[in-house]
Amino acid sequence: VFTFALNLMREHVRPTVRIHYVITEGGDVPNVVPDRASVWCWIRDSKHERVDELLARAEQMARGAALATGTEAELSVQSGGYEMLPNFRGAELLHHNLEWLGPPDFTEEEQEFARRIQRETGVPEVGLRESIEPLELEPGEPEGGSTDVADVSWNVPTIHLTVATAPDGAPWHAWPVVAASGMSIGHRGMLYAARALAATTVDLFEHPEVVAEIQVEFEQAIGDDEYRSYIPDGPPPIPGD
């Protein structure tokens with residue numbers, strides 16, 4: 001009943017919402033109602049306050065499912081994360097160093113490896129991107145994805161860098177990313193990111209006025225929105241087996 005209600009909710013949410021679940025306990029014998037059933041859910045949106053709204057709705061669904069079946073329901077939050085809080089002054093500083101370094105210079109062997117991956121996954125064989133993307137100071141709705149750095153960005157000013165080492169068009173969360181990142185392509189991207197971050201760190205030490213500007217922007221962006229971790233208090237749950 002709970003998963004049925006969860007799927008009905010898909011028609012009444014924003015396009016940015018993503019809902020995933022797996023039934024971790026569904027019974028032992030067919031045609032016998034189990035004494036216990038468990039579902040593990042991921043509910044996501046591009047803003048944490050929207051996630052809070054979805055979580056409140058999921059809690060109501062759990063109570064409704066229990067009422068409908070004459071059972072008891074318990075909903076626990078194991079973890080969660082905020083969206084990335086950008087710092088545009090810091091991003092400007094980092095972007096300046098990316099332009100100073102120039103784009104990564106991949107070898108022809110690496111480009112051919114990327115084209116082979118693209119050929120196998122049925123996407124245009126354009127190889128690896130060798131360009132510095134323009135800095136968007138007024139971005140719209142984020143494309144998606146997640147990062148553990150996002151929670152950090154709500155506690156301290158954070159400069160975030162992404163170096164694309166996966167072949168353009170190839171599917172993410174799949175073998176093409178692992179194949180490219182696990183060889184010299186990934187190593188080259190890692191060293192390039194290290195140089196860019198090191199140069200930015202030097203700039204921060206040499207220009208305290210920029211650090212002050214970054215801090216002011218951070219405090220204005222936070223405003224009255226107090227950070228609250230989704231991770232519950234106490235030690236993490238440890239499986240019995």
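**View 1. The salt bridge between Asp 168 and Arg 129.** Asp 168 is partly exposed in this predicted model, with a relative accessible area of 23%, where buried means under 20% relative accessible area, exposed over 50% and partly exposed in between (1.4 Å probe, protein chains only). Its salt-bridge partner is Arg 129, and the closest N and O atoms of the two are 3.1 Å apart; a salt bridge is a side-chain nitrogen of Lys or Arg within 4 Å of a carboxyl oxygen of Asp or Glu. Because Arg 129 lies in the loop between α4 (108-120) and α5, and Asp 168 in the loop between α5 and α6 (175-181), the pair ties together parts that are 39 residues apart in sequence. Helices (H or I, at least four residues) and strands (E, at least two) are DSSP runs, numbered from the N terminus.

The model is predicted, so local features need pLDDT of at least 70 and side-chain atom pairs count only at pLDDT 80 or more, while totals for chains, interfaces and linings use all residues. Residues are numbered from 1 along each chain as its sequence is written, and side-chain values use heavy atoms, with hydrogens and water left out.

View 2. Arg 89 is partly exposed at a relative accessible area of 24%, and its salt bridge with Glu 213 has the closest N and O atoms 2.7 Å apart. This pair links distant parts of the chain, with Glu 213 in helix α8 and Arg 89 in helix α3, 124 residues apart. Arg 89 also forms a salt bridge with Glu 92, for which the closest N and O atoms are 3.6 Å apart; these two residues are three apart in helix α3 and therefore separated by about one helical turn.

**View 3. The buried face of helix α8.** Val 210, Ile 214, Glu 217, Phe 218 and Ile 222 are buried in α8. Seen down the axis of the helix, the buried residues fall within an arc of 130 degrees, so they line one face of α8; the arc is that of the directions from the helix axis to the C-beta atoms. Pro 208 and Gln 220, on the other side of α8, are exposed. The cover over the buried residues includes α3 (88-101), α5 (149-153) and α7 (184-206), where contact means heavy atoms within 4.5 Å. Just after α8, Gly 223 takes a positive phi of about 55 degrees.
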